[in-house]
Amino acid sequence: MLKIAYHPIYKHPLPKGHRFPMEKYDLLPQQLLYEGTCTTENFFEPKIPNNKHFFSVHDPEYFFELLNITLPQKAARKIGFPLSEVLIEREMIIADGTIKASEFALQYGITMNIAGGTHHAFSNRGEAFCMLNDQAIGAKYLQNKGLVSKVLVVDLDVHQGNGTAEIFGNDSSVFTFSMHGKSNYPFVKEKSDLDIALENNTKDDKYLSTLKNTLPKLILQEKPDFIYYLCGVDVLETDKLGKLALTVEGCKERDYFVLQTCFNNKIPVMCSMGGGYSKDINIIVNAHANTFRLAQEIYF
């Protein structure tokens, strides 16, 4: 069964006019249930995990400043959300969704988190709507429990996974691969193990040929036991914060190739949804829903 992490807290109230499309976290599960891609049995509700899981990735001082809402004003501003106890609780629950989904992926081959993909969270700071790096936390959780050895992070969000790159900069047990817009945020990039920076207005053909020429070689080279896939839909030509030019079909083909490659190689994969900022919320929800539809089609 396709196990999906979801909690009502994922949809967090924001000031009117805020550019983050929080409503997608309600609309996406509703759409999956409405169309019959999933039933209520597919979903599980994460909780607040033990703090020790955060300390394998994040500096305790930063974590407790976050928890107690005592971050310096400049650091808090970089996160982009008004800080509150409920917001931090939400972030911790998202991370638990990825932790639990990681274990389910070992059992079922693939799992998803309706939220997550918080790849701009560094070991000691947050930025760009990210505070705790869910996939980094999940990776170290699996490794610390002795469940996996080598992890590959496949980050196909339009923005570079700068926080993930920093966290694993000196950790050869996690290989970080980020394919992103060259001139997109972050404007000062970190160094992933492999970065592919794409020119503005990169279309389906170029994007897909680059991916198809890269991922199988990486798997052959690194021989991962587990893959984290960050499948942001901000690569779409309609996206307000992205500068690439993929169609919804091209984005779907991207997901199909990644998931089919994981399936063919018998490598468990955990998917966090990442970003999506198209003006029309229906485009965001449909593009995200395609990832779940493909997971069901390929694995179940």
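How are α8 and α9 oriented to each other? Some notes on that and a few other spots, bearing in mind that this is a predicted model.

1. **The α8/α9 pair.** Helix α8 (residues 204-222) packs on helix α9 (residues 248-264) at an angle of about 10°, and their axes are 10 Å apart. Angles under 35 degrees count as roughly parallel, so α8 and α9 are roughly parallel to each other. From α8, the contact draws on Asp204, Tyr207, Leu208, Leu211, Lys212, Leu215, Pro216 and Ile219. On the α9 side you'll find Gly250, Glu253, Arg254, Phe257, Val258 and Thr261. By type, the residues of this contact split into eight nonpolar, two polar and four charged.

2. **Strand β3 and its partners.** Have a look at β3 (residues 110-113), which pairs with strand β1 (residues 3-5) in the parallel sense, over three bridges. Isoleucine 4 has methionine 112 of β3 as its bridge partner. Strand β8 (residues 269-272) also runs parallel to β3, joined to it by four bridges. Here asparagine 113 stands opposite serine 272 of β8.

3. **The faces of β3.** Is this strand covered on one face or on both? Both: Ile110 and Met112 are buried on one side, and Thr111 and Asn113 are buried on the other.

4. **The nonpolar core.** The largest nonpolar core holds 96 residues, and the members touching the most others are Tyr10, Ile114, Phe177 and Leu259. Helix α10 (residues 281-299) supplies the largest share of this core, ten residues.

5. **Around isoleucine 114.** Leaving out residues up to four places away in sequence, isoleucine 114 touches Ile4, Ala5, Tyr6, Tyr10, Tyr25, Leu28, Pro29, Leu32, Phe43, Met273 and Phe292. Among these, Tyr10 is another of the residues that touch the most other core members, and Ile4 is the bridge partner of methionine 112 in β3.

6. **Isoleucine 69.** Now for a loop residue: isoleucine 69 is found between α3 (60-67) and α4 (73-79). With a relative accessible area of 33%, isoleucine 69 is partly exposed, since that label covers values between 20% and 50%. Which residues does it contact, neighbours within four places in sequence aside? Those are Leu83, Ser84, Glu85 and Ile88. Aspartate 26, by contrast, is 43 residues from isoleucine 69 in sequence and 26 Å from it in space, C-alpha to C-alpha.

Conventions
Residues are numbered from 1 along each chain as its sequence is written. This is a predicted model: local features need pLDDT of at least 70, side-chain atom pairs count only at pLDDT 80 or more; totals for chains, interfaces and linings use all residues. Side-chain values use heavy atoms; hydrogens and water are left out. Axes are lines fitted to C-alpha atoms, for helices over the stretch in contact, and angles run from 0 to 180 degrees between N-to-C directions. Helices (H or I, at least four residues) and strands (E, at least two) are DSSP runs, numbered from the N terminus. Angles under 35 degrees count as roughly parallel, over 145 as roughly antiparallel, 65 to 115 as roughly perpendicular and the rest as oblique. Contact means heavy atoms within 4.5 Å. Ala, Val, Leu, Ile, Met, Phe, Trp, Tyr, Cys and Pro count as nonpolar, Asp, Glu, Lys and Arg as charged, and the others, Gly among them, as polar. Buried means under 20% relative accessible area, exposed over 50%, partly exposed in between (1.4 Å probe, protein chains only). A nonpolar core is a set of buried Ala, Val, Leu, Ile, Met, Phe, Trp, Tyr and Cys residues joined through side-chain atoms within 4.5 Å. Two strands pair if DSSP finds at least two bridges between them.
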